[in-house]
Every structure is written in C-alpha cells, then in structure tokens.
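This report walks through a few parts of one protein chain. Keep the structure open while reading.

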Amino acid sequence: MLKKILALVLAVMMLSAFAVGCKKKPVENSSSGKKPSSSSTQVSDISSEESSEIADEESSITVGEVESDDGSSYWPYPWTIETTSAYFRDSEEAKQSVTVGDSVKQYTDHGKLELGIYHSVMKYCTHYGTDFASREREFADVVRQGYFNTYMISMNEYMMTELKYIAEAGCTFWLSAPGYQSARGDDINRVMENTKVYIQMIKDAGYYDLFQGWFWDEPIWHGLPNKDYQILTEALYKTFGKRNGPVFATGEFTDSEGNETQLGTSADQMRKLEKASFKYLTDIGYDSYSVDVREGASNGGAAKYQSWSAAVGGKTITNGKEYYRAFAEYLRELAGHEVNYWWWPTAYTTSLWGGLGGVRTADEQYCIAHLNFMCQEAMDYKYAGGVMLYTFPTTSDNKYYSFAQLMDLKGDTGDWAIAPEIDKWEEYCKVLRDWCKKFNEGRDRNFVSLPY
C-alpha cells in the first residue's frame, strides 16, 4: 500500500512539471492531416492506411500528455498492476537510478532475434470494441497467439497494461521516442526529465530488463529536423543507455521511394537524412513493401531495376532479393558504423510494382515469400536486430486487408475473432509462428553497441 501511495504522490508532483515542460502540440483527432512539405514542393495528403500517417497521429502527443478517447488530455494515475510474470521484479536492482551517464551500453541482449508487427498496440486494438476493456482483451489475445516476441508501444495510458501481457509472454518491447522540436520551444533536458517518469514506472514494475530501446517511424520525412534528431538521439542514448532504432523511408536516404504508389509521394518531395544523424543510432532499417522476392517476378521490368540500381550507387539489382539487399547495404554504408539491422516484410494486401504472374496486389503467397526471405536474411546476418512486419490495424477505408483481419485468431466459440467474413491466412500464420519459435531459440551473434 505504501508503494502505491508513493507512486500516486510521484505522479501528482510530476504532473505540475509536465504542465510547464514542453509546449503542447495540437493533437490531430483524425489521420487525414497534411504531410510536411520539402523546401520546394508541397506534399499531398497521405492515405490513412500508411504508417507515415498513423505515426504523425502518435507523435502529436507530447510526453506527459495523454489523449483520451474523447479527445481530452489527462494524466492517468495511479497505475497499479499485478502479474505472475517471471520477469516481475521487486528488488533494489530493478529500481536503480534511471540516469546512467555518458558511459552507456545498458541494454540487454536476450540472445534472440526479435519478431514483431507495427501498431500491435491497444490504441489500434479496436476490433472487439473501443472501450478500454475491449482493447485490453484483444491485445491480450494477440500476444498469447505466439506470433511475435517483441512489441513497439507508446508512453501513454495503455503502456502498463500492455507491459503486463508482454512480460507474461516472455517478450521484449520498444518505446516510441518522445517528441522534440526546438522550433516550438522544447527543452531537451525537460523532455528527458518528463520521459524519466515513464521509465521509472517501468522500473518500479520490474519490466526494465525487457526494454530494448527507442523507435522512430521515418523521422526526417515526418518533419523532424536532422539537428533536432541528433540532439534527441544523443540525449536518449546518454540518459537511458538504451538502443535507438528508426525505420526510414527509402526516399529519406535515396532518390527512390519504394512506397511511392501507396504514399502518392516521390523521393524528391521528402526531406533527406544527413550522415551526422546516424551517430547515436544502434539499430536501423527501411520500409518498402511492393517488391516481389519470388523468382520470375517482373517488379516493373528492366527500367525499374536500373533506376533502383542508380539510386544506391550502381549496386546490382536484377530481381527482388537483390533490391532489398542492395538498399540495405547502401543504408548500412551511410551509417558509417556497424548497426543492428532490421527487415520490414509486407503483411497486408498492398499494391505491387509487378508481382509473380502479373499479380498487382500482395496476397498470402507473396507475403509468405517476403517473410521467409527476410527472416532468413536476419538469421544469416552478423549484426541482425530482427524483423518487424507491417501492418497490424485495420484501415479506416478498408482499402487494404491488414494482418488483424487476416490472422487466424479464434474466439471462445471457435469462430474467427475478427472479420469472420474474410478468408484467413492460416498458412502464413503457421509460418510466422514457426519463425518466432526459431528466433526464440536464440543464436550466436555479434551485437552492436556504440563506444560512447
């Protein structure tokens, strides 16, 4: 009881700090806002189904501000949890000081490659209902299926509930990085102080050893200036000693955007990543969902292959596998130091450049090929971080089927729990579980840490 009272007092005290810490950024209540423009071109609206649009909605909440379903902001305290997890701690070690100083490398290598899917969080678990209990039940059901062993979650009112199920399943997690914009008057020290409140909650609950690091979705393309990104990644790394792991759009680091057909945006309309922004990055990857890795797929033909090859300095690209390998190699070269590399397979029915047999929309076999290829690449690569599928939530316009609609999750009655009218990808789900089991077996690897 005393611990709960102290937690409540801490939350109340920090609430006042949040109120004066960072200037509040207006929260978008829909996912149809304008994208940032480059210096010369106004970027068109991006469809709600794409990761870049959803990420804007997430990043609109400043650390310490939580948006409720009715749009109001509040501080959801106190958080109390109970768990039988083997990872639960109630020791002084678990509650050590958050700040680790300039000598970092505090993160834990659990000896296994990580496998997850983007947006598998309670915020987007709305298929059972939109109230808290329904979201929790759906999230818990998904975690227990054994599809994944890691999750990317946010510092919000769902965090501690999500962590309960993540820990009980023996999984790890990443946190969406806090917002920082110097142009709006944010103070990086205040951002770190605000973030420590969430980290301390994680520590107090005994989940800190499962915390892998910080995640960004296409940060430069989404409008974060390179200088601000450098400041933020350095501050997070030196304050918490955890990994920094963005996923980039190919248009952020080349003149070719792999998701151009989905985004309606070409690479010349995107802000570019500067080499200095890689300094404090331990993990990187890029997303490109429309290139078929199966032998014989056209992928737009010879001209398309030539343009992709030119975009990565002339590396040989004559098929889908070479495409993904060449762009990965090019991105790793730009980093200037070894990084833990991540692959992003397709797990939804997106449009294609030209699939095997003329297929124009990703289907189950296309996605199985993507999954098998990229998971094997991760198994074979010296500095592999893991594999992160895209994407979990249902889109608002139902233009595409997402993994949530296609997974073989069954309810208490034995029927499909979500979208029973849609044929399920049962073979895909079996392959996915098999890879998760293989990743969980662990492997010998060289894990990247930075020298500062």
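## Helix 9 and its two sides

Helix 9 packs its buried residues against helix 10 (320-335). The model is a predicted one. Helix 9 spans residues 302-311, and its buried residues are Tyr 305, Trp 308, Ser 309 and Ala 311. These buried residues fall within an arc of 160 degrees when seen down the helix axis, so they line one face of helix 9. An α-helix has 3.6 residues a turn, so residues three or four places apart point the same way.

The face of helix 9 turned away from the buried side carries exposed residues: Ala 302, Ala 303, Gln 306 and Ala 310. After helix 9 comes Gly 313, with a positive phi near 75 degrees.

## Arg 325 in helix 10

Helix 10 contains Arg 325. This arginine counts as partly exposed because its relative accessibility is 39%. Leaving out residues up to four places away in sequence, Arg 325 touches Phe 373 and Glu 377. Lys 315 is 10 residues from Arg 325 along the chain, and the C-alpha atoms of the two are separated by 9.6 Å.

Is strand 8 mostly covered or mostly uncovered? Strand 8, residues 283-287, is mostly covered, with five of its five residues buried. In a regular strand the side chains alternate between the two faces of the sheet. On one side of strand 8 are Asp 283, Gly 285 and Asp 287, on the other Ile 284 and Tyr 286, and all of them are buried.

Strand 8 is joined to strand 7 (residues 243-249) by three bridges, and the two run parallel. In this pairing, Ala 249 stands opposite Asp 287 of strand 8. Three bridges also join strand 8 to strand 9 (residues 340-343), and these strands too run parallel. Here Ile 284 stands opposite Tyr 341 of strand 9.

## Nonpolar cores

In soluble globular proteins, nonpolar side chains tend to be buried together. The largest nonpolar core in this model has 109 residues. Which residues have the most contacts inside it? They are Phe 173, Leu 175, Trp 214, Leu 389, Phe 403 and Tyr 428. Another core lies apart from the largest one and has 12 residues, including Met 152, Val 247, Tyr 390 and Tyr 400.

## Arg 184 in a loop

Arg 184 belongs to the loop between strand 5 (172-176) and helix 5 (188-205). With a relative accessibility of 19%, Arg 184 counts as buried, because the cut-off for buried is under 20%. The side chain of Arg 184 is joined to that of Asp 186 by a polar contact of 2.6 Å.

## Cysteines without a disulfide

How many disulfides does the model have? The count comes to zero. Cys 171 is in no disulfide, and the nearest cysteine sulfur, that of Cys 436, is 6.8 Å away. A disulfide needs two cysteine sulfur atoms within 2.5 Å. Likewise, Cys 436 is in no disulfide, its nearest cysteine sulfur being that of Cys 171.

Cys 171 counts as buried, with a relative accessibility of 3%. Cys 436 is buried as well, with a relative accessible area of 2%.

Note on methods:
Residues are numbered from 1 along each chain as its sequence is written. This is a predicted model: local features need pLDDT of at least 70, side-chain atom pairs count only at pLDDT 80 or more; totals for chains, interfaces and linings use all residues. Side-chain values use heavy atoms; hydrogens and water are left out. Buried means under 20% relative accessible area, exposed over 50%, partly exposed in between (1.4 Å probe, protein chains only). A nonpolar core is a set of buried Ala, Val, Leu, Ile, Met, Phe, Trp, Tyr and Cys residues joined through side-chain atoms within 4.5 Å. Helices (H or I, at least four residues) and strands (E, at least two) are DSSP runs, numbered from the N terminus. Two strands pair if DSSP finds at least two bridges between them. A polar contact is a pair of N or O atoms within 3.5 Å; within protein, one must be able to donate a hydrogen and the other to accept it, and residues adjacent in sequence count only if both atoms are side-chain atoms. The arc is that of the directions from the helix axis to the C-beta atoms. Contact means heavy atoms within 4.5 Å.
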